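Welcome! Please take a moment to look over the sequence and the 3D structure shown below, and then read on for a guided tour.

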Amino acid sequence: MSTIGYDSWAVDLAEVGAVYPFQGSEGLMVVLGVVFWIAWHRIQFVREGQHLEKAKRMGDTEKIHSLLEKY
Amino acid sequence: MDGNLNALTTVFTEFYYWVTVVFMFLIHVGFCMYEVGASRHRNHMHTLMKNIMIIPLVTVTFFFFGWWIYWAFPSFPFFGGLNYEAGAANLPWSQNMATNLSDRITGVFWAAFLLFSWTAASIVSGAVIERIRSSALWVHAVMIGSVFWIIDAAWGWHAEGWMVKYLGYHDAYASGVIHAIAGGYALGVIMVLGPRLGKFAADGTPRDIPPHNPWMLTIGIFLIYSGFWGFYAACNIPVISPEGIGGMLTGDTWTATNIYLAPTSLSAITFNFLMSMSGGLMAAYVVSKGDAFWTFSGGLAGIITASAGNDLYHPIQAMLVGAVGVVIVYKLHYWVERTFKLDDAVGAVAVHGYSGVVGLIIAGFLLWGAPSSPYEGFATVNPVGQVVGAVIMFGVLGWLPGFVIAKMQAAAGVLRIPVEVELQGLDYAEHHAYEDAKAEIIAADKAALNGGGVPAE
């Protein structure tokens, strides 16, 4: 019993294809991967929005002037 | 080299490893830039010199005895004696370790392993910046680079290593044999060395010591990524026939293999390198709330976590393994820092050590039952073997010698720089001499100008 479908390399490589674990679950893996990707965007959007809301009230006029001068 | 195909394969393999060595040089360039970027102005030159001198010191010792250890130690000491026969060709006085037209591989193969040795030493170097004596670090560099990592390579990263044979240990791209051991070693050293002045407030609260130059740090990490490509390629045998392997494989299909001579492909490791890096970067961005230092390092931690099984994983598995690993590593780093007041200056223990350990354990489950070797009688990959392997890498060959040698150095008073020097900066004396020399030459030039004469030669 092996997650990659082979428990020994006593094989002719000409007859071997995929050797990754859990072959047959590719659809599920893609779903998990896409969920991870979409969740990342969701979290990032929310966090950046909150950060910008806070940041827009943080500025000190004098410091902003000096930053503008600094370029 | 009998026959054209054999000659072509030999020359291709020779050139292949040579290219990986050149790529891997970038890892060291990256570490240098990273360490200098992370250190403060007053310590730059010493930080740089500390890391540069790892190169010659580990190189010569790896020539003198490190390479021999790899060939002589696969069964030693628990499952057999030293393999004098295999070791003989790799002794520094062997004709194979020189210009020799009947051996075109040993030099480039030696160099590929040597570059791993530099990396192991350089990982330790990052954790201890701004307070260790260079002399102490250079002893550690030789011990981790030319002794302990290469013992673990003989045991767990060799086609006949006892850990592979009896534990089913699988660590294709060195999660454990480079990263866990170096991280563990660094942990042992910083436990004795202590934190940088100011790292912890009086009540024990850790303070962030920000890098003086985030740009340099960024370029450094991207150079490490670039070199890591070479590292991955160097972990493979690029092309070999079933006959050349001499194991259980049948047929006549040639293949690339991992270090254990079990089949994989450059295509597989290219998919998995990039996907695990991406998973690591994305997870690190989220868990660190966009912290630049952790996000960039997270890509590296993602690759390291997936490396043990990246010869066989599916790319999405590699991505998720990289992501999960980074979250664990990030949380563990801050827990250890708060709880034990340890100062891991560049996160080396976390990014390399914890990632390596987590990666080994995950591989034990994901690759459960997969053959660890093409040879008969070897255990298959399993979680127990991977956990025991992680303990050996991180704890026995990493943490323990790092701690013991640092203790000996501390007892002899040669581990840490004096407090006064730490405050004024390691470069103070050189900087002072530089300013004096500058003032003197400016004064001489001005005198020559006012006198209308030519400056003194």
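## Chain A and the model

Chain A has a radius of gyration of 26 Å, whereas a compact globule of 71 residues would have one near 11 Å. That radius is taken over C-alpha atoms, and the globule rule is 2.2 Å times the number of residues to the power 0.38. Along the principal axes, the C-alpha atoms of chain A fill a box of roughly 75 × 25 × 15 Å. Two helices and zero strands are found in chain A; helices (H or I, at least four residues) and strands (E, at least two) are DSSP runs, numbered from the N terminus. Of the 71 residues in chain A, 7% are buried. Here a residue is buried if 20 or more other C-beta atoms lie within 10 Å of its own, exposed if 12 or fewer, and partly exposed in between, with C-beta atoms placed from the backbone.

This is a predicted model, in which local features need pLDDT of at least 70, side-chain atom pairs count only at pLDDT 80 or more, and totals for chains, interfaces and linings use all residues. Residues are numbered from 1 along each chain as its sequence is written, while chains are lettered from A and ligands numbered from 1 in the order in which they are written. The predictor gives the complex an ipTM of 0.94 and a pTM of 0.95. For chain B the mean pLDDT is 95, and 98% of its residues reach 70 or more; pLDDT is the predictor's confidence in each residue, from 0 to 100.

## Where the chains meet

How many residues does the contact take from chain B and from chain A? It takes 28 residues from chain B and 24 residues from chain A, with two residues in contact if their C-beta atoms, placed from the backbone, lie within 7 Å. On the side of chain B that touches chain A, α11 (266–287) and α13 (315–340) of chain B each supply at least two residues. The largest share of that side, five residues, comes from α13(B). Sorted by class, the side of chain B that touches chain A has 18 nonpolar, nine polar and one charged residues. In this count Ala, Val, Leu, Ile, Met, Phe, Trp, Tyr, Cys and Pro are nonpolar, Asp, Glu, Lys and Arg are charged, and the others, Gly among them, are polar.

## Inside chain B

The largest nonpolar core has 149 residues, and the members touching the most others are Val124(B), Ala127(B), Ile144(B), Ile181(B) and Ala186(B). Such a core is a set of buried Ala, Val, Leu, Ile, Met, Phe, Trp, Tyr and Cys residues joined through C-beta atoms within 7 Å. Helix α6 (residues 134–156) of chain B gives the most to this core, 13 residues. Leaving out residues up to four places away in sequence, the contacts of Ala127(B) include Ala186(B), Val189(B) and Ile190(B), along with Val346(B) and Val349(B).

Helix α12 (residues 292–307) of chain B holds Ala306(B) and also Phe293(B). Ala306(B) counts as buried because 34 other C-beta atoms lie within 10 Å. Apart from neighbours within four places in sequence, Phe293(B) is in contact with Pro211(B) and Leu217(B).

The table pairs each of these two residues with a partner.

| Pair | Apart in sequence | C-alpha to C-alpha |
|---|---|---|
| Ala306(B) and Gln317(B) | 11 residues | 8.6 Å |
| Phe293(B) and Pro211(B) | 82 residues | 8.8 Å |

## A sheet and some backbone details

Chain B also has an open sheet of three strands in the order β1-β2-β3, with antiparallel pairing; two strands pair if DSSP finds at least two bridges between them. Its edge strands are β1 (237–240) and β3 (263–264) of chain B, each pairing on one side only. Strand β2 (residues 255–257) of chain B pairs with β3(B) over two bridges, and Thr257(B) stands opposite Pro263(B) in β3(B).

Most residues other than glycine have a negative phi, and most peptide bonds are trans. Phe76(B) and Pro77(B), however, are joined by a cis peptide bond, with omega about 0°. Pro77(B) lies in the loop between α3 (54–72) and α4 (84–88) of chain B. Glu130(B) has a positive phi, near 75°, and sits in the loop between α5 (106–127) and α6 of chain B.
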